[in-house]
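Dear colleague,

I am passing this structure on to you, and my notes on it follow below. Please read them with the model open beside you.

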Amino acid sequence: MLSRVPVSSRFSSPDPLFGEVAPEIIEDTLIHLAMENEQHLSMLPGPVGCFREARAVEFIFLLSEKWHLDQPARYQAVELLERFMIKQVEQICTSPRQNVTGGEEGRSQSSLQEQIYDTFVLRLVSCIQLASKLSLHYNAVNSDTAVKFLQSLKYSYTKQELLESELAVLETLQFQINVSTPLAYIELLLEVLGHNGCLLPAKPLHQMCIQLLDFFYLKRDAIYDTLLSIAIENLTPSELQIAKFLIVKEDLMLLAVGIISTSAFVLNPEHWKKVVEHLNCITGITSQSISEFSYAVLKHIIGSITPKQPHRR
C-alpha cells in the first residue's frame, strides 16, 4: 500500500530536479526551444524590450517576493507585461484614421496614451496574477490580495475591475500567455550539461544562475550597452548598429548560455572554459560570443576585467 506524501514536502521547494528526464525528451525539448527562439527573433516588433525597464522589473520582483511567488512566475510576469505593453503601443499606432481630422486623431491617440499610463500599475498587477496562475508551486494571487495591495497605493479599483483587467491582458495577447522565459532555456541547458558530464553540480549552478538572471533583468540595458561596445569596438554606436543589435538583445539562447557561463566562472573559474566549450557544442553559439557576454555581466557586477575581455578577430 502506498503511503501518502505530506503536501508540505511535495511543495516545499520550487527547485527543479536535474537528472530525472530521459535524454530523448531533453533533445526534443532543446530542438523545440531553439526553433521557438528563431521564430521569435524573426518576428521582432519595433518597440521590443522597451518595457523591461528596471523600475518596472524591480516593482514586479518585489511584489512577487511579497506574495511568495516562485522564480518562474516573476520572470513570466515581466515578459507578459512587456508583450502586453507592446500590443498596446501597436494599437495606438494602428488606430483607425479614416474620416478623422488631424486634431481629432491627435486627441484620440493622446486619450489612448493617457489610458495606458493611468492603468499601468493595474495591468502590472494583472500580469503578476496571471503569471502566478501558471505556477505549480504556490497558490495563485487572488483578487482580495491584489485589491488590498492596490488600495494601499491609494487606487480605488474593485474586484470586478481587476477581473476585467486580467481579461484585457488575456484578450490582447490572444490568451497566449504561457511562453518560454530565459529561465526555461537556462534550466534545459543545465540538464543537457549534466548529461554531457559537466563537472559542476547542477543545483549550486542553478542557484547562481537565478541570482545572476535577477541581476541581469535589473541591469539589462547597461549590460547590453557594454556588449554592443565590445562587438563594434566603439563606445559610440550608430543608430544602424543599435538597430541591428536588437536581435542580439532578444536572443534567449544567447542570454541563457551567457548566464550559465558567468555562473560557472563565479563558482569555479578552473572549470569555466570547459563549461563554455560544452555550451558551444550544445547551442552552436561561439565561445567568443559566450565569453563576451560573461565579461559584460561581470563588468557590471564587480567592475572586473575577468574573464579576460576577448579581442575580436
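C50 counts as partly exposed, because its relative accessibility is 49%, and the terms here are set by relative accessible area, with buried meaning under 20%, exposed over 50% and partly exposed in between (1.4 Å probe, protein chains only). C127, by contrast, counts as buried at 1% relative accessibility. With a disulfide taken as a pair of cysteine sulfur atoms within 2.5 Å, the count comes to zero disulfides.

Please bear in mind that this is a predicted model, in which local features need pLDDT of at least 70 and side-chain atom pairs count only at pLDDT 80 or more, while totals for chains, interfaces and linings use all residues. Residues are numbered from 1 along each chain as its sequence is written, and side-chain values use heavy atoms, with hydrogens and water left out.

As for confidence, the protein chain averages a pLDDT (the predictor's confidence in each residue, from 0 to 100) of 86, and 86% of the residues score at least 70. Over residues 1–13 the pLDDT is below 50, and this stretch has four contacts in the model beyond near neighbours in sequence, a contact meaning heavy atoms within 4.5 Å.

Finally, F245 lies in the loop between α12 (239–244) and α13 (246–249), where helices are DSSP runs of H or I with at least four residues, numbered from the N terminus. F245 is buried, with a relative accessible area of 9%, and, leaving aside neighbours within four places in sequence, F245 is in contact with Y224, L227 and L228. F245 and D225 are 20 residues apart in sequence, and their C-alpha atoms are 9.8 Å apart in space.

Definitions and conventions. Helix = DSSP H or I, 4+ residues; strand = E, 2+ residues; numbered from the N terminus.
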